Amino acid sequence: MNALQTILDDRALAVVRAPSISDPTALADALARGGIRAVELTFTTPGVLELLRTAAESGAVIGAGTVLTDEQARSAIDAGAQFLVTPGLRPKVAEVAAAHSIPVMMGALTPTEVMDAIDLGAAAVKIFPARALGPAHFKDLLGPLPDARLVPSGGVNASNAAEFLNSGAVAVTAGTDVVPPGSVAASDWDDIASRAQRFVESLGPKQ
């Protein structure tokens, strides 16, 4: 569970949605310089398995996102993914993750979905899209489910990330606020490192 612990320690992970990534190792290094050591590369990016393989060799904490099938889960783990992320409840993905002792963060929105994700063995539950109901939704969910590890994704940025943490999230997902596709396309790693640093600073002091 080292990958999950890194996410919990940093209180953040970065999800990269870009049509192409020229240097996944440089991207991961830039995010780590800014204080975000866990990076999710998604199956919506062409050639993601080779990107995962390259990035994983750098020593970064690399995960695979938008994992929809057991076949994708196995191929991502074979490529070096240290954690998996799904947009919704995917029992077969959970089975593969469990068989390989890889943490999976499963997407959910409602109390029933959160409970189902926990029952399926999710190490944490990604509340997606977080922008739909906002930070107050986390307090509502944690009322009956106080031990749930909730991570918002979708619409999280430097202006509201701390509010999600203060409402009970264990970590937050940094998206295009930190990793804009334009900066990735331009290989502007310094810009991404600066954005990551600002995002981490916006989280406030650790409790």
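Start by selecting I127 and P152 in this predicted model: I127 stands opposite P152, which belongs to β7. Now widen the selection to the two strands around them. Strand β6 covers residues 124–127 and pairs with β7 in the parallel sense, over three bridges.

Next, show the whole sheet. Eight strands make up this open sheet, with parallel pairing and the order β7-β6-β5-β4-β3-β2-β1-β8. Colour β7 (150–152) and β8 (172–174) to pick out the edges; each has a single partner strand, so one side of each is left without a neighbour in the sheet. From one strand to the next, the twist averages 30°.

Helix α6 lies across β5 (104–108), β6 and β7, and runs at about 150° to β6.

Then step into the loop between β6 and α7 (136–142), where you will find P129. Zoom in on the bond between F128 and P129: this is a cis peptide bond, with omega of about -10°. As background, most peptide bonds are trans, and most residues other than glycine have a negative phi.

That second point leads to two more stops. Select T66, in the loop between β3 (61–65) and α4 (70–78). Phi of T66 is near 55°, a positive value in a residue other than glycine. Is T66 buried or exposed? With a relative accessible area of 14%, T66 is buried. Now move to S101, in the loop between α5 (91–99) and β5. Phi of S101 is also positive, near 55°, but S101 counts as exposed, at 61% relative accessibility.

Along the chain F43 and T66 are 23 residues apart, while their C-alpha atoms are separated by 5.6 Å. Beyond its neighbours within four places in sequence, F43 is in contact with several residues, including V48, L49, A64, T66 and Q72.

Finish inside the protein. Which residues of the largest nonpolar core touch the most other members? Select L41, L84 and F199: these are the ones, in a core of 63 residues. Centre on L84 and show what surrounds it. Leaving aside neighbours within four places in sequence, L84 is in contact with residues that include A64, V67, I77, V93, P103 and M105. Apart from this core lies another, of 13 residues, with A3, L4, A123 and A124 among them. In soluble globular proteins, nonpolar side chains tend to be buried together.

Methods. Residues numbered from 1 in each chain as written. Predicted model: local features only at pLDDT ≥ 70, side-chain atom pairs only at ≥ 80, totals over all residues. Heavy atoms only, no water. Core = buried A, V, L, I, M, F, W, Y, C linked by side-chain atoms within 4.5 Å. Buried < 20%, exposed > 50% of the residue type's maximum accessible area, 1.4 Å probe, protein only. Contact = heavy atoms within 4.5 Å. Pairing = 2+ DSSP bridges. Helix = DSSP H or I, 4+ residues; strand = E, 2+ residues; numbered from the N terminus. Axes fitted to C-alpha atoms, helices over the stretch in contact; angles between N-to-C directions.
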